[in-house]
Amino acid sequence: MDLICQDIHFGLGEKKILKGVSLKVEGNQFHTILGPNGSGKTSLLKLLYRQEKADKGLISLDGKPLEQWTLKETAKQMAVVTQFNQLQFDCTVEEIVLLGRTPHLSFLQKEKERDYALVQDALVKVDMLEKKTRLYSSLSGGEKQRVLLARALAQEPTLLLLDEPSNHLDIKYQLDLLAIVKNLKVNVLAVLHDIQLACRYSDYLYLMKEGEILYQGTPKETITPESLQTVYGVQSQVTWTEDQQAMIHYL
Ligand SMILES: Nc1ncnc2c1ncn2[C@@H]1O[C@H](COP(=O)(O)OP(=O)(O)OP(=O)(O)O)[C@@H](O)[C@H]1O
């Protein structure tokens, strides 16, 4: 599912949070939004998963305006992983991941063998199969994060939205998570904080500051001493390895 945002404006009270944001997520590529705290990254994702509504501008999915899609239609194709949160009720790991299949089932339809197979596969991918009978509430922050990714994988999305998905993960699982997502070969829009990890896994970067996208392009085009100075206000030297790893030396 392709996503296009055109000239998106969004504010809360007097505060203008997004000031004309335009972006595209297509080509089964991994797109990342980077930017300082408070620049509007999460707000933009909230508009996409309809927690908030834009004041102006057009959001379209496969060429059709977002508001013309039903929630169920979008849930069949769009999965969202935010930072782990508390659930209203407690479930086992397996039950939570199985919820990823809900959009694909009709009313009162029971899950089938394929649904359980997808759940199993997702749990293996995030290395949580052994803990499938554990209660979600008993998991560590990083384990919860991996379960939420597994739920999104079980959903078989064609557009995956990730909001700082690797925050609670140690470096091994951060690398694993981003590699899993990259290998899905679906449209991905991620909000990340780690510039180096973003460069390593993203095909395309959007660099945001104060509600506007100031730089965009491949990681090499986007991450430069000039852009880091403008967006984050830090001085740096940037060199690149052959496998698209940015070596950022902060001065
Ligand atoms: N409910 C709210 N009421 C008032 N201001 C809000 C609200 N939600 C967000 N904001 C403000 O909007 C701005 C953008 O917030 P947002 O969470 O989108 O930024 P972000 O780029 O995701 O930040 P971070 O990197 O810190 O997660 C911030 O200044 C924030 O304080």
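**Close-up views of the predicted model**

**View A. Strand E11 (residues 236-240) pairs with strand E12 (residues 246-250) in the antiparallel sense, over five bridges.** Strands (E, at least two residues) and helices (H or I, at least four) are DSSP runs numbered from the N terminus, and two strands pair if DSSP finds at least two bridges between them. The model is predicted: local features need pLDDT of at least 70 and side-chain atom pairs count only at pLDDT 80 or more, while totals for chains, interfaces and linings use all residues. Residue numbers start from 1 along each chain as its sequence is written. Trp 240 has Ala 246 of E12 as its bridge partner. Five residues lie between the strands of the E11 and E12 hairpin, where Gln 244 takes a positive phi near 65 degrees.

**View B. The hairpin of E1 and E2 has two residues between its strands.** Eight bridges join E1 and E2, and the pairing is antiparallel.

View C. Contact requires C-beta atoms, placed from the backbone, within 7 Å. Within the sheet, strand E1 (residues 3-12) and strand E4 (residues 56-61) run antiparallel and are joined by five bridges. Leu 58 in E4 is the bridge partner of Gln 6.

**View D. A six-strand open sheet has mixed pairing and the order E6-E7-E8-E3-E9-E10.** Strand E6 (78-81) and strand E10 (212-217) stand at its edges with a single partner strand each, so one side of each is left without a neighbour in the sheet. On average, and with direction ignored, neighbouring strands are turned by 15 degrees against each other. H1 packs on this sheet, where H1 touches E3, strand E7 (159-163), strand E8 (187-191) and E9. The directions of H1 and E7 make an angle of about 145 degrees. Strand E3 (residues 30-34) pairs with strand E9 (residues 204-209) in the parallel sense, over four bridges. His 31 stands opposite Tyr 204 in E9.

**View E. Helix H4 (residues 113-125) and helix H5 (residues 141-154) cross at roughly 140 degrees, with axes that come within 8 Å.** From H4, Leu 118, Val 119, Ala 122, Leu 123 and Lys 125 meet Ala 150, Leu 153 and Ala 154 of H5. The contact residues divide into seven nonpolar, no polar and one charged (Ala, Val, Leu, Ile, Met, Phe, Trp, Tyr, Cys and Pro are nonpolar; Asp, Glu, Lys and Arg charged; the others, Gly among them, polar).

**View F. The ligand is surrounded by Leu 12, Lys 15, Ile 17, Gly 35, Asn 37, Gly 38, Ser 39, Gly 40, Lys 41, Thr 42 and Ser 43.** A residue is included if its C-beta atom, placed from the backbone, lies within 6 Å of the molecule. Strand E2 (15-25) and helix H1 (41-48) each supply at least two residues of this shell. H1 gives the most, with three residues. Two residues of the shell are nonpolar, seven polar and two charged.

Notes: Axes fitted to C-alpha atoms, helices over the stretch in contact; angles between N-to-C directions. Contact = placed C-beta atoms within 7 Å.
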